[in-house]
Amino acid sequence: MNPGNLQVQALKEKAGRLAGFCDRFSTWPETLRASLRLREAVGGIEFDRPEIRPVLIVFLGGTGVGKSHLFNLLLDRPNASEVSSAVRPCTSKPKLACSLRDRSGLQGFLDLDTVDLIEAPLEGVVLADCPDIDSVDQANRERTRRLVHAADIVVYVTDPEKRANFAIHQEVEEWSSRKRWYFVLTKADYWPKEKEEIRADFDKRLIELGFSPGPRTRFFISCLEPAQPEFQELRKTLLGRRSAELRALLPMDQFLGRLKHALDPALGKGIEANLARLREVEAQLDARLRNAYYQALRQSECADALKTLVREQVWQQAGERVGLFLWLPIWVRNRFAALGISWSLGQILMGRASLFGLVGLGLSSLLAMLRGHLPYKKVAAALGPAFRQEVESIRHFVRLKLEDLKIPLPTEEKEESEAHAQEKKGWGLMGVGAAFESIAAQFRKKQPEDEIIAFLRADLERLGERAGRKKFGPMVAVLGNLLPCVAVGDILYRAASGWIAHEYLPWNFYGMALLVFLGTLLPGFLWVMQRVWSTSEVPDLKELVEQVREPEATQGLRSARISVEELHREFHGLLEQTSQTRAILAEELDSPLFGEVSRKIPGSV
Amino acid sequence: MNQHLEQIQKLSKLAGEFLALGEQVALAAGVSPATLDGWEGLRKRHAAFLQQGEKPVLVATLYGPTGAGKSTVFRMLTGIEVPAGGSLRPCSMSCAAAVPGSLDDPVRLAALFPDSRCVKLVRPEDIRNSDDPAKLLYATYQAAHVSGIHLVLVDVPDFNAVEKSNWDKAHHMLERAEVVLFLVYPNAYADDRVVEELIRCCRKSARLAYLITMVPPEAGDPREEAGKIWNDLLKKAGGIQGFQQRRSTGESLFDFLRESQAFFSPRSAVPALDQIQPIDPTRPSLLSLLAGLEGEKILLSGLLEPALGAARAVDNFLGTLASRLETLRLRDEATRSEIKQWAQSIAHHEFPAGRLIQITVEEAKRRRGTFLRWISKPFEYLSNGGKKIRDLADWLKGNRGDAPPLKEREALERSRLHEAVLQLPQRWRGAWPDLVGEEGMLSASRCDAALREFEKLSPPAPGVDWESEARKDLETWARENKTKSWFLATVPEVIISASTAVLVVDLFITGGAFTAIALASGVASVGGIGLKFFEENNLMSVARAAQERWKIQRAGELDPYLNSAWADRLLERLRSSRALLEGLPREKLAGLSRQIKEQVKEGGAA
């Protein structure tokens, strides 16, 4: 396989992928068009045996400019294509001139029933005379367009009178990025004096279309004077012998031209505009959600709960930092405190009585005690109805916004598949499983504020640790444990010396010793307590909410933004690769025999 | 002759009124009247007619594709040296007028050419400048042989070259000119754009002449060649839909074209006026055609054609306006009725049963005898004391301020209102996809903005009408159920004091966890307890009646609230444009349009 084919293969794959991406956004007119054009580019070109394929050269122009006349002259057959002096339009069925040998090469990509074939002694070239593109006969236009679509090289034929016609220019512009071009002005004999002026003015129009006209590709001729050098040059250029190797590159050139046409910069701009819009809305809504968190956490119920939680955190720290004997009473206190705190926070949250609520509250408090966990979740639950309403509004906004931007909702797919999975399970267990599953799902259901819990927890732990370090230095550890140490030392000393002297102490000694030991813990414990209560640190709420970078409520926007970003990347990747490959190909085909290409980016003014 | 003038004056009077009213209606509906076919023509020709002197002024324009030789013919007809025949395409970028010496007055010309800025032509090359699209360069000329009228000849830019700004200039002049000399070169006569413009000319002008320029002499007899082209054009025109439209006289555009005179001129290095000859040699020359124009007849015809076009366009416009209004009306009514339904459903789901119990107990107490009053006195003290303790407990817990028992109903109502303003726009968006999109009336941003504004407000407090009605019912009930009434007047105190005892214990043991239970004796939740209470006391009928009244009253309060606090803002465009369109004098305009059409018929017959 030759490297060119590999390149084409890679581009085809990329283009197919991009078309797939475009299909996701088929509600945008630009992407829909791009998708259709990409598929057309990928599937529309025959690459088999390019070396036997002749070059198809097509005449494009308004009615009466002399296309047929020129065609006849080039073939040296005055009646090959009918010409007329008065009645317009004259040609209505395209005429194709080619040798018998080249005819078979045409069949692959052209419907030969729609054209008149004329046998001519041409080599590797097929010349096509097309109907006009500007008369009232609309069918002519369609016939011509079909042929231009298949053509490798287009000859834009016009005369000085029609050279500035809007309709014709529009047609040329429409094809300019896809084809290789020659430009022919006819009827030079009518304007012997103004010839050079007209030529310059015509060049100006061509430059506007992105071409760089020069004597190699632009000709000003008269069909009445075919002996003139410029006419001879044109004949040599159009009918000249092209090497099979270079001819074989033309299908690839066409493919690249169609790709380029599909990758309209207007589409790129449309994608970028949508992306900017999505980013803006996402940032705006994220900020709004963070503010909702901030406002909710600031209200008194939450603030109180947070204060309590910080103190608890300091208590936890106290146990570890003070250590040794004082650890014991602190640990016991912490376990019981978890019960109480959970209970009272639960009360704040519930607000009113219900039997189920009370039982649930009791259970969760018990669980909190067993695990020694602090009930962070309950703080989140205390965020209040206003907060929940705001979150709901934001979710709603996201949904409507995506609809406004014509982006399919990414969540639908997920929900659907979940529902499907549930249905399957339900069938398997005769429906009972499904019922349980749905009940369990209710409990498992993630609350929107779950996302802030992790941050809240980390924040509180950090705060508690900082306060703990500050409040419980080695001094507290030493002094707090001093008394119990002395007591324990004394008790151990007495017991040990008794054992050594074989004078066993009475059993009530141990009882008393335990009581004395516990007594000596008290001052230290009270001191620790005092230090904990003097903690006044509260989390910096602003900082806390800033940590919520990717809130769940705006997830829809985020995934939409990511997929538009992907589309954007794919689009530019393919555009760049196409342009590069095309530039290389343009160098290879840089010969008068292959016309020129437009440098203009389609769609730009 | 005077018959024409009389018709013109009648039509002119109607047209003045029609133009003024039509402009008002169209602008109010957000449509530029200039987009209505025939409107500009009628406006310009009508305004010009009002400025006519004793000698009618006719405007004849040269009209054709780029390179057809408009400027060359203009130069030959008027002797004014405009740039022509060069190699530039397009050549002219401005309109140029040749006026008779007696009209050499910028003020007079400005009146004859409304919307144009008339500037005397000093340097011919100014015609190549395209600075001001409204500019009309003029110069005087000697109108040979023309008598009885003032003939103004105008040269306009093309309508088919790449400089699209030229097209409008040509179109504007076509609206003004009564006579059109349509020029074309042989290769262009069948061009799509050229035929399209020819149809336009047939529709708008009072008189048309067709001139095929630059017929190649080498192919044979130029007259024969031109004849072939003219016949081919007529053949093509016969098959083109656009030519089947009717003029004010009832003839088709095709007939009008066929009867118009056709001329030709051969291609020549030195073009001259006498080379322009009629294709049919028996008909008069171009010059005698221009000289023989009958002023008033053409003026009349020049008004009739655009008047007919404008009347038809206005009819169409009124038709679309009516269907637009119908859509607006249906949508407005649909939104109002859905809002009403939501208001009702909210009111239905939130009957304040607790409040009704309170009223019932109050009413019962008010009616109890002295004996009972004595009995319940100690309990009353107790329960009051209990309330104090409860307040103290609340204060200790940091709950400053009152928490009225109706708070819950309000919170419920607010959340349902919130749901309503989320759900309703979504339903409407589904029903009317044209309102969706970033710029749409129901865009996400607008919905959200309206929602946030709405959330800042509080729903109106419920009125007391239903309460006073309920109290009246209770009076009847108390008379019929004396024992029950006494019972009600006493028992609550007992219950409340009992629950206070529970509360005291609760405070000491659990820190107030059961406080909420005490509340239950004061305010029952909507469901179970309330219903039980009413059933036990033969109060069901009273409760039902009260609930019915509540529903109607609260729905009646919430519906206008939802409309004024939310829907009026979100649906502002819909509601205001409905009001605007309904207030337009559409009937009157339709009447005028009918009159115009009748007048056109009468004038066409004349």
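Arg395(A) has a relative accessible area of 28% and is partly exposed; buried means under 20%, exposed over 50%, partly exposed in between (1.4 Å probe, protein chains only). This is a predicted model: local features need pLDDT of at least 70, side-chain atom pairs count only at pLDDT 80 or more, and totals for chains, interfaces and linings use all residues. Residues are numbered from 1 along each chain as its sequence is written, chains are lettered from A and ligands numbered from 1 in the order written, and side-chain values use heavy atoms, without hydrogens and water.

Arg395(A) pairs with Glu552(A) in a salt bridge, with closest N and O atoms 2.8 Å apart. The term means a side-chain nitrogen of Lys or Arg within 4 Å of a carboxyl oxygen of Asp or Glu. The two residues are 157 apart in the chain. Glu552(A) is partly exposed too, at 36%.

Asp332(B) and Arg336(B) form a salt bridge at 3.3 Å, N to O. They sit 4 residues apart in helix 10 (residues 295–348) of chain B, so about one helical turn separates them. Helices are DSSP runs (H or I, at least four residues), numbered from the N terminus. Asp332(B) is buried at 3%, whereas Arg336(B) is partly exposed at 37%.

Lys179(A) is buried but has no salt bridge. A polar atom of the Lys179(A) side chain lies 2.8 Å from the backbone oxygen of His149(A).

Notes: Lys, Arg positive; Asp, Glu negative; His and termini not counted. Polar contact = N/O pair within 3.5 Å; in protein donor to acceptor, adjacent residues only side chain to side chain.
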